[in-house]
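Colleague: Please walk me through this model one element at a time, and give the cut-offs for each term when you first use it.

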Amino acid sequence: MISVVIIGLGNIGSHLYRALKKVNGVKVNQLYNRSPEQLKTYTDEVETTSNITKIIKADIYIIATKDDSIGDISEILPFSNRLVVHTSGSLPIQTLDNTNRRGSFYPVQTFSKEVLVDFKTIPLCIEAENKKDLQLLHKLAKKLSDTVFKITSEQRKSIHLAAVFVNNFTNHLYHIGEEICTKNKVPFTILSPLLKETAAKLDTLSAYNAQTGPAKRNDTGTMQKHLQELKNETHKKIYKVISKSITNTYGKKL
């Protein structure tokens, strides 16, 4: 039985708890959150605390808080020489205080509290300072996911950067597209099949080969019409920059 304490109940922490409590061979000993209000949902299911000095013993402590608080929290943990990991994509494990053994447990996925996810389909990236801890993290990760990678801090940082492009930036583009649809009284859902097909193509094609659209064709007439239609200056700049990047990628200059 692998025992776990989850520190922080934001998007990742709450999803991790829901997933781990269903897994055989894993026991969530405790949830810690600085705000006691967020713990009320869980008090009938598991031991909880908002007092960091009362964190209890476990095999693995998972810090699932905001990046800028991970180092500070690791410094005030009331124990030493235990395995403490964080879920950050961008921070090295050296961010954690060296009073404890350090590692990372990074799920490559976007999390929203109201949207359920299937951890079996989520790649988990693990890292630890010694072989024994890495084996323990691998055992825990395999109970959650079918896809586990042993990744260095440098590799994880690159994965996180790439994820910002393919997830955070694209979602913002979805938002702009939704605004355009709403303004013109068109349901955004009309684009749902297109969005799904764009993502599905990447299972069989590289992103380079999957590219379509006026910028790839260097269709300057269509692009100029789009720019004339856009009234938001920020949206125009985004359109120009991305179109130029696409056109340059395929060997043509705007």
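Modeller: Two strands pair if DSSP finds at least two bridges between them, and the elements themselves are DSSP runs numbered from the N terminus, namely helices (H or I, at least four residues) and strands (E, at least two). This is a predicted model, in which local features need pLDDT of at least 70 and side-chain atom pairs count only at pLDDT 80 or more, whereas totals for chains, interfaces and linings use all residues. Residues are numbered from 1 along each chain as its sequence is written, and side-chain values use heavy atoms, with hydrogens and water left out.

Colleague: Which residue of β6 is the bridge partner of V84?

Modeller: Strands β5 and β6 are paired in the parallel sense, and four bridges connect them. Within that pairing, the residue of β6 that partners V84 is R102.

Colleague: Which residue of β7 stands opposite G103?

Modeller: Strand β6 also pairs with β7, which covers residues 124-128, and here the two strands run antiparallel with five bridges between them. Opposite G103, the residue to look for in β7 is A128.

Colleague: How many of the seven residues of β6 are buried?

Modeller: Buried means under 20% relative accessible area, exposed over 50%, and partly exposed in between (1.4 Å probe, protein chains only). Strand β6 spans residues 101-107 and is largely enclosed by the rest of the structure, because the number of its seven residues that are buried is six.

Colleague: Which residues of α2 are exposed, on the other side from the buried ones?

Modeller: Helix α2, residues 67-75, has I70, G71, I73 and S74 as its buried residues. These four cover an arc of only 170° around the axis (taken from the directions from the helix axis to the C-beta atoms), so they lie on the same side of α2. The other side of α2 carries two exposed residues, D68 and E75.

Colleague: How far apart in sequence are the parts that the pair E45 and K21 ties together?

Modeller: A salt bridge is a side-chain nitrogen of Lys or Arg within 4 Å of a carboxyl oxygen of Asp or Glu, and the structure holds nine of them. One of these joins the side chains of E45 and K21, with an N to O distance of 3.1 Å. Since E45 sits in the loop between β2 (26-32) and β3 (48-49), while K21 sits in the loop between α1 (11-20) and β2, the pair connects parts whose separation in sequence is 24 residues.

Colleague: E45 and K21 have which accessibility class, and what is the relative accessibility of K21?

Modeller: E45 counts as partly exposed because its relative accessibility is 46%. K21 also falls in the partly exposed class, since its relative accessibility is 43%.

Colleague: In helix α4, what is the relative accessibility of K157?

Modeller: K157 and E154 both belong to α4 and are three residues apart, about one turn of the helix, and their side chains form a salt bridge at 3.3 Å, N to O. E154 counts as exposed because its relative accessibility is 52%. K157, by contrast, counts as partly exposed, because its relative accessibility is 40%.

Colleague: How far apart are the closest N and O atoms of E233 and K236?

Modeller: E233 and K236 both lie in helix α9 (residues 233-249), separated by three residues, which is about one turn of the helix. K236 counts as partly exposed because its relative accessibility is 21%. The two residues form a salt bridge, and the distance between their closest N and O atoms is 3.8 Å.
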